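Dear colleague,

Please find below the structure that I am handing over to you, together with its sequence. My findings follow directly after it.

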Amino acid sequence: MVIYGVSFDMVGKQPIVLLKAVDTNKFLPIWIGHPEAAAILMKLQGASTPRPMTHDLLFDMLGELEVTCTRVSVTELRENTFYASITLSVNGREVEIDSRPSDALALAVRSGAPIFAAEDVIAESAIEFEHEVEDTEEVVDKFKEFLDRVTPEDFAGGDT
């Protein structure tokens with residue numbers, strides 16, 4: 001999956017990160033917190049801060065310890081809450097760390113790690129566009145129309 005963008009639901013102004021499956025027109029919206037949305041957006045837009053933010057600090061610490069983030073995965077959806085894991089390569093072995101999806105995604109955009117989502121999560125929560133999507137603005141417009149009609153309670157979402 002790739003991070004397609006970050007938007008806000010129109011009702012509660014809650015940030016939503018929109019993941020897109022690489023080879024299909026399936027999109028996975030995940031409601032996240034404002035600080036995590038800012039951390040993801042800042043990195044996607046190439047912005048920097050004079051001092052390291054939390055996710056930058058984590059990425060820098062991993063680098064100093066010679067640990068690499070090899071992948072992040074949205075692993076499950078349970079009781080309207082998404083769960084994720086961060087896979088790290090430490091001294092030749094892989095270690096999986098439980099994470100909120102927003103933190104995992106913020107680390108992924110810093111490390112360049114690939115993003116995955118479990119098939120059952122996609123099956124349960126993804127939105128699929130019927131026609132081929134080529135125009136980013138078209139997808140964003142359709143996504144905003146969708147957000148005008150739903151709230152987090154209508155949709156299996158949440159990242160807490």
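The part described here is an open sheet of four strands, in the order β6-β5-β4-β7 and with mixed pairing. Please keep in mind that the model is predicted. The edges of the sheet are formed by β6 (93–99) and β7 (115–117), each of which pairs on one side only. On average, neighbouring strands are turned by 25° against each other, direction ignored.

I shall take the strand pairs in turn. Strand β5 (residues 81–90) pairs with β6 in the antiparallel sense, over seven bridges. Within this pair, A84 stands opposite S99 of β6. β5 also runs antiparallel to β4, and nine bridges join these two strands. Here T68 faces S89 in β5. The strands β4 and β5 form a hairpin with two residues between them, and E79 in that turn has a positive phi of about 50°. With β7, by contrast, β4 pairs in the parallel sense, over three bridges. The bridge partner of S73 in β7 is F116. As a general point for reading any such sheet, side chains in a regular strand alternate between the two faces.

Which strands does helix α3 touch? Helix α3 (residues 101–111) packs on the sheet and touches β4 (68–78), β5, β6 and β7, while its direction makes about 40° with that of β5. α3 is mostly covered, as eight of its 11 residues are buried. Among these buried residues are P101, L105, L107 and R110. After α3 comes G112, which has a positive phi, near 75°.

The axes of α1 (residues 34–44) and α3 come within 9 Å and cross at roughly 15°. An angle under 35 degrees counts as roughly parallel, and α1 and α3 are therefore roughly parallel to each other. Their crossing is left-handed. On the α1 side the contact is made by E36, A39, I40, K43 and L44, and on the α3 side by S102, D103, L105, A106, V109 and R110. These contact residues divide into six nonpolar, one polar and four charged.

With kind regards

Technical notes
Residues are numbered from 1 along each chain as its sequence is written. This is a predicted model: local features need pLDDT of at least 70, side-chain atom pairs count only at pLDDT 80 or more; totals for chains, interfaces and linings use all residues. Side-chain values use heavy atoms; hydrogens and water are left out. Two strands pair if DSSP finds at least two bridges between them. Axes are lines fitted to C-alpha atoms, for helices over the stretch in contact, and angles run from 0 to 180 degrees between N-to-C directions. Contact means heavy atoms within 4.5 Å. Angles under 35 degrees count as roughly parallel, over 145 as roughly antiparallel, 65 to 115 as roughly perpendicular and the rest as oblique. A crossing is left-handed if the near helix is turned anticlockwise from the far one by less than a right angle, and right-handed if clockwise. Ala, Val, Leu, Ile, Met, Phe, Trp, Tyr, Cys and Pro count as nonpolar, Asp, Glu, Lys and Arg as charged, and the others, Gly among them, as polar. Buried means under 20% relative accessible area, exposed over 50%, partly exposed in between (1.4 Å probe, protein chains only).
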